[in-house]
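Here is a short briefing to read alongside the sequence and the 3D view. Take it topic by topic and look up each residue as you go.

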Amino acid sequence: MHFGIFTVGDIAPDPATGRAPTEHERMKRMIETALKAEEVGLDVFAMGEHHNPPFVTSSPTTLLGYIVARTSRILLSTSTTLITTNDPVKIAEDFATLQHLADGRVDLMMGRGNTGPVYPWFGKDIRDGISLAVENYALLRRLWREDVVDWQGRFRTPLQSFTATPRPLDGVPPFVWHGSIRSPEIAEQAAYYGDGFFHNNIFWPKEHTRRMIDLYRTRFEFYGHGPADQAIVGLGGQVYMRRKSQDAIAEFRPFFDNSPVYGHGPSLEETMEQTPLSVGSPQEIIDRTLQFREDFGDYQRQLFNVDGMGLPHEAVLEQIEFLGGEVVPVLRKEFAASRPAHIPDPPTHESLKAAGAR
Amino acid sequence: MKRTIAVVSGGLGSPSSSRLLADRLAAAAEREVRELGDEVEVRVAEVRDHAHDLVDSMVSGYPATELKGALETVAGADGLIAVTPTFTASYSGLFKAFFDVLDMVDDNALADKPVLIGATGGTARHSLVLENAVRPLFAYLRGVVVPTSVFAAPEDWGGTAAPDLLAHRIDRAAAQLAVEIHRRDAPVVRDPFEPTPFADLLGAG
């Protein structure tokens, strides 16, 4: 099972000081969190993609390419790559390039984005969101799997005798996850192709998340990729830790209360009760995360959000140290102890290459 | 056949004149539905009871458990009676919030559902609020709003000739709602997690 961190790359003021990092500082610090994640033994670092302030992640493969050069072991991914507004040809080229540079330490997660105006800014219509995700991804798959592609669709100029270069490393395309919080069509898409399905598992009650994952698992089996419990599931989660639970709550509260996504709605306590948000001691975070397996079945990837909302950089690095030093070692052991033998490991470049995947 | 009528009252006071009107409408509708040969159960939601949850849902994106129950009651009902006080020439914001969140959760919730609309106000001069604000709201949500809407002004609750007029309008509106309920099959609440075959998604592109 893979454990890692994922970030949206937002810039926000620290409520205590009112000061926000510059774009330059935020980017450099984000890189440091990735390096720290590798240092403490985490498996995955993933970042989002946004094309508007207050985010700094408009160019994920540039950032990930830099991290590739400064790391040797950690797998790099996205959370998510916009399959709706990016040209699938450019995604095919960018991520195949990254895959070569990283010697295969790359996968990616497809998403539709959550900012309405991004569609018109990139010449698209948000009402076509699902159709764009379906058509663009169908083309992306062909570009990675067929050396020469003739193609015609609704959203992009046609292709005749087109070869996307570089070809995927060892002829094995990067593994793809499809991320969606609330669109059953995306769970269906992931199931159809036998790709991974990722639920960010933040903001929403577990009953909802369970329906999405159950739908994916059921349809994965329906499309003949194997039993439902062998479908490839990833989950997110947001954590904040201190040695003592009450310190974690007290420190996290001002960030929660001022957050553009959490603030001014249900209280921190209500949100912790109704959603998987976990604020407390390392042991509490362990217990809460182990519960995910009870709720959603055995799964392959767990990503934690530990930064953003103006959290100070030192506190973010400490979260990663808690994860690597205390939380993830226990989770690895506990998850492994309860996992039946037929549950697949998370796919990697090496495993896909060995399996002769196309 | 067993029918359910959901009542949504936007009154803020207790007792509220909106609730008073809603109860009168519900009692009349219950009687009319029974006369057509159906069993009927009335289930009432006061938006005031869900005030915090409504705002939280707007901010968080998901409805709290109790509110979710009220929304499901409305979505699953055979008919809806919706009554709002008149605030600044329109429905109250909290009343609107209830239907905003309902639409967020299930944008098909009121499609083809018989709806009886009512309103209260501090003066009879507000009475067109039903035609100018409330009816378009439910038309947008694709409800089937019965032709008679019922506005109750202060003088409708007392005076000499007025009570008869209010009672007459209530009975006429309730009879129209009952006919619309009676001639429909029970509503089918769509499961949002019902799979769409991927071939259909590909074909839609």
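A:Pro54 lies in the loop of chain A between strand E2 (44-47) and helix H2 (60-70); helices (H or I, at least four residues) and strands (E, at least two) are DSSP runs, numbered from the N terminus. The peptide bond that joins A:Pro53 and A:Pro54 is cis, with omega about 10 degrees. This is a predicted model, in which local features need pLDDT of at least 70 and side-chain atom pairs count only at pLDDT 80 or more, while totals for chains, interfaces and linings use all residues. Residues are numbered from 1 along each chain as its sequence is written, and chains are lettered from A and ligands numbered from 1 in the order in which they are written.

**Backbone features in the loops**

- Chain B has a cis peptide bond from B:Ser14 to B:Pro15, with omega near 0 degrees.
- B:Pro15 sits in the loop between strand E1 (2-9) and helix H1 (17-35) of chain B.
- A:Phe203 is not a glycine, yet has a positive phi of about 80 degrees; look for A:Phe203 in the loop between strand E9 (196-199) and H7 of chain A.
- Is A:Phe203 buried or exposed? A:Phe203 counts as buried because 22 C-beta neighbours lie inside 10 Å. The cut-offs are 20 or more other C-beta atoms within 10 Å of a residue's own for buried, 12 or fewer for exposed, and anything in between for partly exposed, with C-beta atoms placed from the backbone.
- B:Ala89 is not a glycine either, and has a positive phi of about 70 degrees. B:Ala89 belongs to the loop between strand E3 (79-87) and strand E4 (90-91) of chain B, and counts as exposed because there are 11 C-beta neighbours inside 10 Å.

**Two packed helices in chain A**

- Two packed helices are described by the angle between their axes and the distance between the axes.
- Helix H6 (residues 184-193) of chain A packs with helix H7 (residues 206-222) of chain A at an angle of about 30 degrees, and their axes are 8 Å apart. Axes are lines fitted to C-alpha atoms, for helices over the stretch in contact, and angles run from 0 to 180 degrees between N-to-C directions.
- A:Pro184, A:Ala187, A:Glu188, A:Ala190 and A:Ala191 of H6(A) meet A:Met212, A:Leu215, A:Tyr216, A:Arg219 and A:Phe220 of H7(A); two residues are in contact if their C-beta atoms, placed from the backbone, lie within 7 Å.
- By class, this contact of H6(A) with H7(A) has eight nonpolar, no polar and two charged residues. Ala, Val, Leu, Ile, Met, Phe, Trp, Tyr, Cys and Pro count as nonpolar, Asp, Glu, Lys and Arg as charged, and the others, Gly among them, as polar.
- A:Thr209 is placed in helix H7 of chain A, and is buried because 24 other C-beta atoms lie within 10 Å.
- Leaving aside neighbours within four places in sequence, A:Thr209 is in contact with A:His199, A:Asn201, A:Trp204 and A:Phe296.

**The buried side of a helix in chain B**

- Which residues of helix H2 (residues 51-60) of chain B are buried? They are B:Asp53, B:Leu54, B:Asp56, B:Ser57 and B:Ser60.
- These residues are on the same side of H2(B), because they cover an arc of only 165 degrees around the axis; the arc is that of the directions from the helix axis to the C-beta atoms.
- Helix H3 (65-76) and helix H4 (93-105) of chain B are included in what covers the buried residues of H2(B).

**Nonpolar cores**

- The largest nonpolar core has 87 residues, and those with the most contacts inside it are A:Ile5, A:Phe45, A:Leu76, A:Phe197 and A:Tyr216. A nonpolar core is a set of buried Ala, Val, Leu, Ile, Met, Phe, Trp, Tyr and Cys residues joined through C-beta atoms within 7 Å.
- A second, separate core of 54 residues includes B:Phe98, B:Leu102, B:Phe151 and B:Leu177.
- B:Leu102 is in helix H4 of chain B, and touches B:Leu71, B:Val74 and B:Ala109, not counting residues up to four places away in sequence.

**Where the chains meet**

- How many residues of chain A are in contact with chain B? There are 22, in contact with 14 residues of chain B.
- On the side of chain A that touches chain B, the elements that give two or more residues are helix H5 (129-145), H6 and H7 of chain A.
- By class, that side of chain A has 10 nonpolar, six polar and six charged residues.
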